[in-house]
Amino acid sequence: MTTLRAAVKLLGFIAMTLPGLPVQRALIAFSPRGARRFPHVYHRAVTRWLDIKLNIIGEPVKDKACLIAANHVSWIDITVLSALTPLSFIAKKEVNNWPGFGTLARLQRTVFIDRDRRHTTGVSRDEMQERLAAKETLVLFAEGTSSDGYRVLPFKSAYFAAAERPDVVVQPVTLAYRGHWGTPMTRRRRPYFAWYGDMEMGPHLWQALALGPIEVDVICHKPLSLAEAGNRKLLARQAEEAVRKGLVAAMSGASL
């Protein structure tokens with residue numbers, strides 16, 4: 001039954017995705033506003049189809065230049081956050097070359113950064129600032145990698161350079177993979193959904209599709225600003241602390 005479930009969910013995902021590719025390409029060419037909105041509508045449908053139940057706590061920033069600083073647990077984060085509000089991602093350049101996922105990332109107008117070349121990072125920063133100047137929302141996985149979902153790794157302050165614009169707010173967002181089939185997710189089940197370390201994408205995706213519905217808490221914390229924090233290091237620390245506090249509360253069942 002798990003194999004059948006995975007096959008049905010994968011085929012349905014492909015059937016939903018393929019017709020949307022030319023639509024998004026056309027929107028990028030002719031309707032910037034539509035190109036921002038369409039992925040949000042698409043990912044909301046995907047979360048429903050893949051049985052990802054979202055418990056959204058708080059409100060995402062809207063109609064303002066916003067840099068979301070979130071913890072990173074899985075490739076599922078992309079769909080979860082995209083279902084929250086219209087947004088684009090900041091990702092390492094290698095994602096651009098991933099089969100399938102690279103195409104989807106480009107169509108969602110992802111900003112690709114090269115962490116190993118300083119001048120390329122400067123060009124990417126300019127692109128981020130241009131997008132923020134247009135009052136868009138960009139997602140930064142500030143840990144620089146994914147984790148097992150039980151902890152938050154240190155946020156890298158260098159990634160917050162785009163927040164130096166005075167009109168930009170930083171909104172910490174906690175992603176907590178909390179439930180599975182309506183019960184608390186166990187440590188044994190968690191690696192089937194949290195994608196980290198040297199896990200291979202294909203087998204992991206198949207297992208996640210096969211093993212059924214999950215519940216994800218999406219906690220939108222109070223927005224921060226560089227002016228209030230004082231500098232990027234303190235801004236990164238404040239965002240990290242908010243995300244970690246949210247994760248601990250979600251996993252323990254406590255209220256924020």
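Which side chains meet in a salt bridge at 3.1 Å, N to O? They are the side chains of R131 and E136. The model is predicted, and every distance and angle below is computed from it.

## A buried pair and its network

R131 is buried. E136 is buried too. Their contact is a salt bridge with an N to O distance of 3.1 Å.

The general principle is simple. Side chains of opposite charge can pair when their charged atoms come close. Across the whole structure, a search finds ten salt bridges.

## A bridge between two strands

R178 and D217 also form a salt bridge through their side chains, at 2.8 Å from N to O. R178 sits in strand β6, residues 169–180, and D217 in strand β8, residues 214–220, so the pair ties together parts that are 39 residues apart in sequence.

D217 has a relative accessible area of 4%, so D217 is buried.

R151 is partly exposed because its relative accessibility is 47%.

## Charge on the surface

Which residues form a positive surface patch? The members are R33, R37, R44, R48 and K62. One of them, R44, belongs to helix α3, which spans residues 32–49. R44 counts as partly exposed because its relative accessibility is 39%.

An α-helix has 3.6 residues a turn, so residues three or four places apart point the same way.

## A nonpolar patch

The surface also carries a nonpolar patch, formed by L4, V8 and W49. Together these residues have about 260 Å² of accessible area. V8 is placed in helix α1. With a relative accessible area of 41%, V8 is partly exposed.

## Helix α7 and its cover

Helix α7 runs over residues 201–210. Its buried residues are M201, H204, L205, A208, L209 and A210. What covers these buried residues? The cover includes α1, residues 2–17, and α5, residues 101–107.

G212 follows α7. The phi of G212 is positive, near 95 degrees.

Most residues other than glycine have a negative phi, and most peptide bonds are trans.

D51 is not a glycine, yet its phi is positive, about 60 degrees. D51 is located in the loop between α3 and β1, the latter being residues 52–57. At 25% relative accessibility, D51 counts as partly exposed.

D63 is not a glycine either, and its phi is positive at about 55 degrees. D63 is found in the loop between β1 and β2, with β2 at residues 66–70. Is D63 buried or exposed? D63 is exposed, because its relative accessible area is 73% and the cut-off for exposed is over 50%.

P22 is in helix α2, residues 20–30. Its relative accessible area is 47%, so P22 is partly exposed.

Q238 is in helix α9, residues 232–252. Q238 counts as partly exposed because its relative accessibility is 32%. Which residues does Q238 touch, leaving out those up to four places away in sequence? Q238 touches L224 and A229. I76 is 162 residues apart from Q238 along the chain, and the C-alpha atoms of I76 and Q238 are separated by 25 Å.

Note on methods:
Residues are numbered from 1 along each chain as its sequence is written. This is a predicted model: local features need pLDDT of at least 70, side-chain atom pairs count only at pLDDT 80 or more; totals for chains, interfaces and linings use all residues. Side-chain values use heavy atoms; hydrogens and water are left out. Patches are made of residues with over 30% relative accessible area and no salt bridge: like charges are joined within 9 Å, nonpolar side chains (Val, Leu, Ile, Met, Phe, Trp, Tyr) within 5 Å. Accessible areas come from the Shrake-Rupley method with a 1.4 Å probe; for residues, only the protein chains shown count as cover. A salt bridge is a side-chain nitrogen of Lys or Arg within 4 Å of a carboxyl oxygen of Asp or Glu. Lys and Arg count as positive and Asp and Glu as negative; His and the chain ends are not counted. The place of a charge is taken as NZ of Lys, CZ of Arg, CG of Asp or CD of Glu. Helices (H or I, at least four residues) and strands (E, at least two) are DSSP runs, numbered from the N terminus. Buried means under 20% relative accessible area, exposed over 50%, partly exposed in between (1.4 Å probe, protein chains only). Contact means heavy atoms within 4.5 Å.
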